[in-house]
There are 2 protein chains.
Amino acid sequence: MLSAGLPQGTVPKLERPGPLRERVYEALLELITTRALRPGQHLVESELAGHLGVSRQPVREALQRLNTEGWVDLRPAQGAFVHEPTEEEADQLLTVRTLLEAEAARLAAANAGSAGIAALEELCTKGESAVADGDVDLVVATNAAFHTKVMELAGNVVLAELAGQVDRRVRWYYTPVARQRGMQSWIEHRRLIAAIAARDEARATEVMRAHTEHTRKTYHEREAG
Amino acid sequence: MLSAGLPQGTVPKLERPGPLRERVYEALLELITTRALRPGQHLVESELAGHLGVSRQPVREALQRLNTEGWVDLRPAQGAFVHEPTEEEADQLLTVRTLLEAEAARLAAANAGSAGIAALEELCTKGESAVADGDVDLVVATNAAFHTKVMELAGNVVLAELAGQVDRRVRWYYTPVARQRGMQSWIEHRRLIAAIAARDEARATEVMRAHTEHTRKTYHEREAG
DNA sequence: GAATTGGCTTTTGTCTACAGTTTACCGAGC
DNA sequence: GCTCGGTAAACTGTAGACAAAAGCCAATTC
């Protein structure tokens, strides 16, 4: 057997360019989330293709995927439009997110090992110092990483995939809000870690639920403001 | 105004063929769920195209969508393969389904009107008589309709969309099981309706949770059998 | 003056063709 | 007899071209 003689990691998978549609997909998603492409905007295939230096086909395939994931609306014989979030939809999305994240917290409490908990604490520390430095982008990124890590510790791939989709869309809707919730968020994260470390499923669920619900509350206050 | 002079219904929407990719998508999904295309099977684009009488492009787009929804795995430069469910994944999928359905039940209890409850009872009656007649296909279909109706009453579109995906995959994995759970399932449905009618969110959640968990249990017993 | 109809432009939907990769098979060499 | 190298076939990835549908604007008619 050949593989026995190969040390792990010496073959770094020699990264290939990968399918164009993937890169187009990521490029478009980036443009949408950064609001370079604004909600309601008509996405013309030939324009995008020319702008990205590829043909229409990869663009089409990327748009298809963005459509199934809810980022663009694909009106037949008319083209693709960046999805416009409604208040109602945003609220429903948050409801679902709360549900998924809370379950993830419960599973994490049930399954997480000490290594995982250590990783969470590390992320938490990183996030807190980012808050202290006022590095907003890093705060947001670390926050996402923290939630992703909790998902990973939950050990449910299906759940993780769904939550990944939902989370990303939530972050898109709520970017203004996310930037406000600085330090308080990380205090709650600490409490979540404690619950997970204590293997207390019920408490982990509840802390996470309160955490995400807090986000929604902040959002609705924004309207009033 | 012209439309005033036109009786309703005389123009029956003049159903358009609709985009080819849609029909190809549905055709393939049908073939997969009915096991005409079996897990692990290599789907060759040109073959499918020829078989369906279209070109490769619509087939590709359909495969893309099936990929993002988890029905096929799209290995780069190698093609599409019908997804092979693992035991672990099936279990995780059921966990998620339980979660989503339970939440739907809670929301339905909170929001449903008397009309909705009547609709549920009607479906329930239909399902019970189907069981009595031994019409297995109708039982399965009515069961799906019942869950869909609960989702609809919950009034959360995002949740409904996610649950729709998950449910369909669960049904694919568990078709043998679903055919066994005949009458018992509908008894539980009755209890769910009662909880919803009573506006008892907690009880509705719990009944639905028990209901879907029961499905999982039946599945694992199948292994032992 | 307003509504409608006709043609024109733009954009999508589909098909065909070509290039790049991977896989499998077959033969030669050790 | 087994392994390695080369060759060929098949399939995917991408590009370009054509046809159909939708939207828009102007001309025309009541």
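This is a predicted model: local features need pLDDT of at least 70, side-chain atom pairs count only at pLDDT 80 or more; totals for chains, interfaces and linings use all residues.

Author: Let's take helix α2 of chain B, residues 45-52, where Glu45(B), Leu48(B) and Ala49(B) are buried. Look down the axis of α2(B) and those buried residues fall within an arc of 100 degrees, so they line one face of the helix.

On the face of α2(B) turned away from the buried side you'll find Glu47(B), Gly50(B) and His51(B), which are exposed. As for what sits over the buried residues, the cover includes α1 (20-33), β1 (42-43) and α3 (56-68) of chain B. Just past the helix, Gly53(B) has a positive phi of about 75 degrees.

Glu45(B) belongs to a salt-bridge network, joined through shared partners, together with Arg21(A), Glu61(A), Arg56(B) and Arg60(B). One of its links is Glu61(A) to Arg60(B), at 2.9 Å from N to O. Glu61(A) is in helix α3 of chain A and Arg60(B) in helix α3 of chain B, so this pair joins two chains. Both Glu61(A) and Arg60(B) are buried. Glu61(A) also pairs with Arg21(A), at 3.5 Å from N to O; that bridge links α3 and α1 of chain A, 40 residues apart. Glu61(A) has a relative accessible area of 4%, while Arg21(A) comes in at 17% and still counts as buried.

How values were computed
Residues are numbered from 1 along each chain as its sequence is written. Chains are lettered from A and ligands numbered from 1 in the order in which they are written. Side-chain values use heavy atoms; hydrogens and water are left out. Buried means under 20% relative accessible area, exposed over 50%, partly exposed in between (1.4 Å probe, protein chains only). Helices (H or I, at least four residues) and strands (E, at least two) are DSSP runs, numbered from the N terminus. The arc is that of the directions from the helix axis to the C-beta atoms. Contact means heavy atoms within 4.5 Å. A salt bridge is a side-chain nitrogen of Lys or Arg within 4 Å of a carboxyl oxygen of Asp or Glu.
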